[in-house]
Amino acid sequence: MTETQTIDAAERALMAETLSGLAEDLDGPELVAALDAFGFADLLAEAPRDAVPALFTALGRAGSMSTSLQDVLLQPLAEYLPVSTTECNVVLPGIGADLVGTTDGHVLALRGLVIGARPAPTFLAPVAMRGELAWVGLQEFSGIATRRVEGLDPALAMTEVTGVDVAADLVVTGERAVAVWDAVATAGRLALGYQILGAVGAMIDLAVDHARSRVQFGRPIGSFQAVRNRLADAHVAREGAAAALASAWDADDAHLAGLLAKSLAGRAARIAATHCQQVLAGIGFTAEHPFHRFLARALVLDSVLGSATELPEVIGAQLIAAGSIPRLVDL
Amino acid sequence: MEVREFRAGVRAWIDEVGESLVPAIEDQSVESVAAQLNHQRRVQRLLYDAGWMRWGWPARIGGLGGSPILRAVLGEELTCRALVHTTSWSMHEVLGPAVAEFGRPDIVEDIFPRLLRGEEFWCQGFSEPDAGSDLGSMRTTARRHGDGWVINGEKLWTSWAHHATRCIVLARTGGTGSRGISAFLVDMDTPGVTASPLETMAGVDEFCSTSFVDAEVPAERLLGELDAGWRVAQFILSCERGPIFWQRGAWLAHHLGLLLDAAGDGRSASALGEAYQLLWAFRATSKSTQDRIGTGDLPGPEASVDKIMIAAADQAVFDVARDLLRGDIETDDTARSRAWRREWAYSRAATIYGGTSEIQKDIVASRLLGLPRSA
């Protein structure tokens, strides 16, 4: 990841402005079309460390959805696919699961989630095949069922893919399958981390605006230390996650840095959701106020690819196995 | 000198002289600041003679030049191996930059090399019995006396004042509040200056109550402008967010590493992972602060975030230690456990010293989030 090309500061600012404008004004298929016209996929290939933060933060802030996560997830898989990546969607493990399915070699049972699915016939899923990781390809006729998820965040275009006895094609196996899954999961964790932080930023902004204007006991509630401390805590959690995400691109262990960044983003989501909702009080609990949409977006994405409660154990286990505390980046 | 080259040089030097650099934790009686300082003095002298101690400080004060980042790297390479204790290693970093910046050049030229060689330790006379978080309410005074000043008052929590050669004292020279405060560089052997050690909850004679009774200070010992001591104080607090935080982070990582063998099950892995991620959030955040300092910037209110983070990581690391070492901190009396106990106890103060977490959150709320100030 450290060798990826980057663009200069002026181009980066312009790109971020354009992407956040698109994510702000458009949603769904219109946003997808606009991102295609903008050439997001090419940008992603050329300068991922510029493209991913800019778009996914903007999506999180605006609360909009595109199919761009698929572009991100498919990148490490592209060279192994018999078809174009535009024909595919990646199925991520269901919430709380490590992989999408398991098989003894005969019967494949699976359950997973596609976020921001595009109209494409092939699903790619990481599964455990006789204890080894393998990537399989699935079609509608393979015996899978798809369900558009309503859930906590109906606006998050999420599809559940399930199957009990599925006929699947092997796409990648062996050590390469493990490496590809590492790369896919890491890329996904960073993109989702930025999207979560965008939503966290929106929650903090809404709560700060409210704390400045809402008057009780004759003063803006933002002058009360109890309120100030909550919002400061949310800000500090956000800054830590933002720094972890930004540093992940340069870390010598990209996989560990991805786990950390996602975990810290999820942690920031939980802290901001709790504190900002408390500051917004009654109005933040209504359907009419936009707050709940960002809360739902951040918390649902926290649960995908490892939540802030699951990941610390994974991280700790890696430290114990390595027998040392990595610095990850140096001055 | 490039950072990479410097780091490689320091590492090679540590490998070479390793024999004579006994880890701080073994070289010192864990209960005594005096022993800790003797160790520090010895290591600092070796580092000074080898040149490493002088990099990152300007040539005019006895340094060899280069970015202040070099000092952060040196501190990291030493503390991550526990070759020095992180608190004794901080002392020249807390006050050195302010004296270099605000001191009269001829005085600084004279005393700074002694600080770098470990021949002198300096202490910080800010807090008072009635002025902690509300530093602006301090009552120590400096009155004109002939060409110079006479200082009267009492300072509290002056770390290592009983071993210090000099003290930066904030004293009131004008009106009320944060205006009308000046900073002075006072020799600790000045008649009328008395440092009385106080023990911490860990039983360490870490800090003092330091009284000033008609202590005469020459005019040239004023730091910066008259009545502009608040600026000096802010500068010092900013400096704490620099190399000191970076090496404290390395010290915490070192201690977390010592716990890896004690961890096994999922619950302990999770606790370790949790502490490590807080430490990483700090490190990733602090890296941009260090980079900014490296370009000559002074950290602003954003560095309050760094302070809140490192305090949280500090306590998280030693909370994990208490859990994973299963009773050592509470009931074991070996030297090793006493060292852990002292470090654990010290971590309790992480959210207090250098500006409490509540004060930092208040700064975040006002300066970074734009919330209205408390009435």
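**Entry 1, ground rules.** I worked from a predicted model, in which local features need pLDDT of at least 70 and side-chain atom pairs count only at pLDDT 80 or more, while totals for chains, interfaces and linings use all residues. Residues are numbered from 1 along each chain as its sequence is written, and chains are lettered from A and ligands numbered from 1 in the order in which they are written.

**Entry 2, chain A against chain B.** I looked up the contact between the chains and found 37 residues of chain A in contact with 40 residues of chain B, where contact is taken as C-beta atoms, placed from the backbone, lying within 7 Å. On the chain A side, the elements giving two or more residues are α6 (174–213), β11 (219–220), α7, α8 (254–284) and α10 (311–322); helices (H or I, at least four residues) and strands (E, at least two) are DSSP runs, numbered from the N terminus. The largest share of that side, 13 residues, comes from α7(A). I sorted the chain A side by class and noted 21 nonpolar, 11 polar and 5 charged residues, with Ala, Val, Leu, Ile, Met, Phe, Trp, Tyr, Cys and Pro counted as nonpolar, Asp, Glu, Lys and Arg as charged, and the others, Gly among them, as polar.

I then followed α7 of chain A, residues 225–248, which has 24 residues and reaches 34 Å from its first C-alpha to its last, close to the 34 Å expected at 1.5 Å a residue (1.5 Å times one less than its number of residues). This helix is mostly covered, with 20 of its 24 residues buried, that is, with 20 or more other C-beta atoms within 10 Å of their own, whereas 12 or fewer make a residue exposed and counts in between partly exposed, C-beta atoms being placed from the backbone.

I located R60(B) in the loop between α3 (33–50) and α4 (69–79) of chain B. R60(B) is exposed, because 12 other C-beta atoms lie within 10 Å.
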